[in-house]
Amino acid sequence: MRVLHLVSNHKLTGPVDPAIRLAAALNDTGVESSVAVGRLADAGIGPIDDHVRERGLEPITRFRLPKHRRLGVNRRDAARLLSFLQEFPVEIVHTHLDNAHRIAMRAIRRLPASLRPLMVRSLYDGAAPRLRFATRQLYTRSADGVFVFGEGVRNDVMERFSLPPERVVRLEGGVVTERFRPRTDAENLRDRFEI
């Protein structure tokens with residue numbers, strides 16, 4: 001299975017690091033996973049490309065993926081994504097953040113049915129998005145599945161967008177414990193307390 005992760009942000013904030021870690025973890029389990037993150041310009045090195053490489057992945061650099069909607073940039077990204085998916089078909093496109101979702105929706109619609117991947121969305125917010133025409137397009141018409149991090153959010157997304165339960169999956173949030181408190185050799189409390 002091949003999964004393409006699209007992260008529409010060039011800063012290492014919010015859901016960006018968890019999305020990159022997810023792509024790397026999927027690779028570790030045998031799921032061929034690639035990631036494209038936002039960049040400041042069409043050419044050149046992206047500000048978080050090295051962070052992606054530290055996770056054992058090579059960033060896809062064909063797309064700009066701005067955090068916020070930029071019509072001309074989004075059109076170019078959608079055309080590039082369409083070309084990319086024709087050249088390197090995947091089974092799943094996993095979008096992280098609204099603008100990546102918009103770009104993917106526009107590209108995937110134009111693919112022939114035989115090449116059309118499933119599109120899933122991770123929603124990192126603690127609340128369901130407001131019901132508007134744009135969000136209805138994203139969640140009701142284009143997302144084959146939505147991942148959320150709380151039962152309340154799951155219920156709100158299902159109710160607000162009239163989605164069946166099998167399309168909205170609640171995931172448990174993960175914590176990288178070494179990031180907050182690395183264990184040292186001198187700190188083996190199990191031995192100290194004979195546990």
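**Inside helix H3 and beyond**

Biologist: Which residues of helix H3 are buried?

Modeller: This is a predicted model, where local features need pLDDT of at least 70, side-chain atom pairs count only at pLDDT 80 or more, and totals for chains, interfaces and linings use all residues. Residues are numbered from 1 along each chain as its sequence is written, and side-chain values use heavy atoms, leaving out hydrogens and water. Buried means under 20% relative accessible area, exposed over 50%, and partly exposed in between (1.4 Å probe, protein chains only). In H3, the buried residues are Val 73, Asn 74, Asp 77, Ala 78, Leu 81, Leu 82, Phe 84 and Leu 85.

Biologist: Which elements do those buried residues of H3 pack against?

Modeller: Helices (H or I, at least four residues) and strands (E, at least two) are DSSP runs, numbered from the N terminus. Contact means heavy atoms within 4.5 Å. The partners of H3's buried residues are strand E1 (2-7), strand E3 (92-96) and helix H4 (98-109).

Biologist: How far does H3 reach from its first C-alpha to its last?

Modeller: H3 covers residues 71-87, which makes 17 residues. The expected span is 1.5 Å times one less than the number of residues. The reach is close to that expected value, at 24 Å.

Biologist: Why does Leu 171 count as partly exposed?

Modeller: Leu 171 sits in the loop between strand E6 (168-170) and helix H7 (177-180). Leu 171 is partly exposed because its relative accessible area is 32%.

Biologist: How much of the protein chain counts as buried?

Modeller: The chain has eight helices and six strands. Of its 195 residues, the share that counts as buried is 43%.
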